[in-house]
Amino acid sequence: PAIFFRPKGREEISDQAREKFQVAESDHLTYLNVYTQWKSNKYSSNWCEDHFVHVKSLRKVREVRSQLKLIMESQKMSVLTCGFEWDIIRKCICAAYFHQAARLKGVGEYVQMRTGMPCFLHPSSSLYGMGYTPDYVVYHELLMTTREYMICVTAVEGEWLAELGPMFYAIKHSGGSHIENRLLDKQSLKQIEEEMDVANEEYKKIKNVKSLQKVKDKPTPSSSVRSNYKKTPMRFGMF
């Protein structure tokens, strides 16, 4: 079920309220943030209305959470919290949705890693327009309109996909992320340019030294030659 709603005529206000909950790495974590804030406000219906959140959806979430907690207790499993170590939650989400993974291809464009089908971040996603484009994501479902939009997206690590879905993925070579590789390329290019500048300066110095040496070694007319040089006598009366 939808968590947020956008009433007609108040779209901008509702979008601003939604941005306060957004976690740039994950839509799932954004929803978790909403639930945590709702819980800290004593499950208030007025709080939901003020923040453009469906109270019925959050009540359904609380009901499902209670059922999961009962199952864990019946299996004598400890109910623990990861606190703010949300990478643990992202890895759990990756374990559930590794078969629905996509990798970054271009600006805002991804490719489904199993089918090669192009897909895009939906404008409602927390990852959309946040200046953060992870190399790999998993998604809950696809919305087919003029494009294939990924709904409910979470950024994951490539190593997690290889670890949790070895039947589909494997790491071919080690290396940094897309952003890290771009930074390394820029640093390498800058270093090459600096080395070229130094080489050009050295070449200019050597060229100047050789030019001065040529001027210094150039022979000049001797005094004896000058003294033996006779001018052609002038002839008068001839034009």
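Helix H2, helix H4 (55-74), H5, strand E4 (136-144) and strand E5 (148-156) each supply at least two residues of the lining of the largest pocket, where helices (H or I, at least four residues) and strands (E, at least two) are DSSP runs numbered from the N terminus. This is a predicted model, in which local features need pLDDT of at least 70 and side-chain atom pairs count only at pLDDT 80 or more, while totals for chains, interfaces and linings use all residues. Residues are numbered from 1 along each chain as its sequence is written, and side-chain values use heavy atoms, with hydrogens and water left out.

The largest pocket has a volume of about 1900 Å³ and is lined by 47 residues, of which His28, Tyr31, Leu32, Tyr35 and Val61 lie nearest its centre. A pocket here is an open set of points on a 1 Å grid over the protein atoms alone, where a 1.4 Å probe fits, with protein on both sides within 12 Å along at least five of seven lines, and lining residues have an atom within 4 Å of a point. H2 gives the most to this lining, with eleven residues.

H2 (residues 27-40) also packs against H5 (residues 86-97), at an angle of about 125 degrees and with the axes 10 Å apart; the axes are lines fitted to C-alpha atoms over the stretch in contact, and angles run from 0 to 180 degrees between N-to-C directions. H2 and H5 are therefore oblique to each other, a word for angles that are not under 35 degrees (roughly parallel), over 145 (roughly antiparallel) or 65 to 115 (roughly perpendicular). In this pairing His28, Leu29, Leu32 and Asn33 of H2 meet Trp86, Ile89, Arg90, Ile93 and Tyr97 of H5, contact meaning heavy atoms within 4.5 Å.

With H4, H2 packs at an angle of about 90 degrees, the axes lying 11 Å apart, and the two helices are therefore roughly perpendicular. Here Val34, Tyr35 and Trp38 in H2 meet Leu58, Arg59, Val61, Arg62 and Arg65 in H4.

Definitions and conventions:
Grid points are joined across faces, edges and corners, and a volume is the space filled by probe spheres set on the points.
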